[in-house]
Amino acid sequence: MQYADYVRLVEERYFGNVSLNRQAEVLACFTQDAEILIRHGDIPTRILKGQPGPGESHISDFWQHLNSNFQAVFRNFAHFVDLEQRRCAATFQVTLTPRPGSGFESQGVQTLQNCNFFWLRGPLIERMIVYYANPGVASGEPSTANRPTGYPPAGYAG
């Protein structure tokens, strides 16, 4: 794979399909045993797996939650690619518009600043780490400050 292939995988195949709520196409970007780590602030890291064990969450749970509650738009990408090690990182902006009837309508539109790291096996993502910040969230109510997108849902143990 070349630099342009990484950009295409990240922007078009992965984030493009997340925006369009094409779950099968999103999952097709990952190896069957993929792992996703989501890190936000000081809350515990959330771990999702392509082959979850008992009590673990499948990687699709994240996108199902995201797409059922928000319309997500991804833009302003900057890519950092290591061809030899088959990995890359991307910084970008995410705009989340709550879907009508979702439990997040009262929060209004949110703009997140993200940095994702991707490790590839062949042309597929085998590991992804998501770091995100929501600079628009006021530090007040703990549940909003700690989980601005509502993920993980209340009671999540992973």
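Buried means under 20% relative accessible area, exposed over 50%, and partly exposed in between, with a 1.4 Å probe and protein chains only. This is a predicted model, where local features need pLDDT of at least 70, side-chain atom pairs count only at pLDDT 80 or more, and totals for chains, interfaces and linings use all residues. Residues are numbered from 1 along each chain as its sequence is written, and side-chain values use heavy atoms, without hydrogens and water.

**View A. Asparagine 21 has a positive phi of about 60 degrees.** Most residues other than glycine have a negative phi. Asparagine 21 is found in the loop between α1 (3-19) and α2 (23-27); helices (H or I, at least four residues) and strands (E, at least two) are DSSP runs, numbered from the N terminus. Asparagine 21 counts as partly exposed because its relative accessibility is 38%.

**View B. Asparagine 76 also has a positive phi of about 60 degrees and is not a glycine.** Asparagine 76 lies in strand β4 (residues 70-82). At 56% relative accessibility, asparagine 76 counts as exposed.

**View C. Tyrosine 14 and tryptophan 63 form an edge-to-face aromatic pair.** Rings of Phe, Tyr and Trp (its six-membered ring) pair if their centres lie within 6.5 Å; planes under 30 degrees apart count as stacked, over 60 as edge-to-face and the rest as tilted. The count comes to twelve aromatic pairs. Here the centres are 6.0 Å apart, with 70 degrees between the planes. Tyrosine 14 lies in helix α1 and tryptophan 63 in helix α3 (residues 60-69), so the pair ties together parts 49 residues apart in sequence. Both tyrosine 14 and tryptophan 63 are buried.
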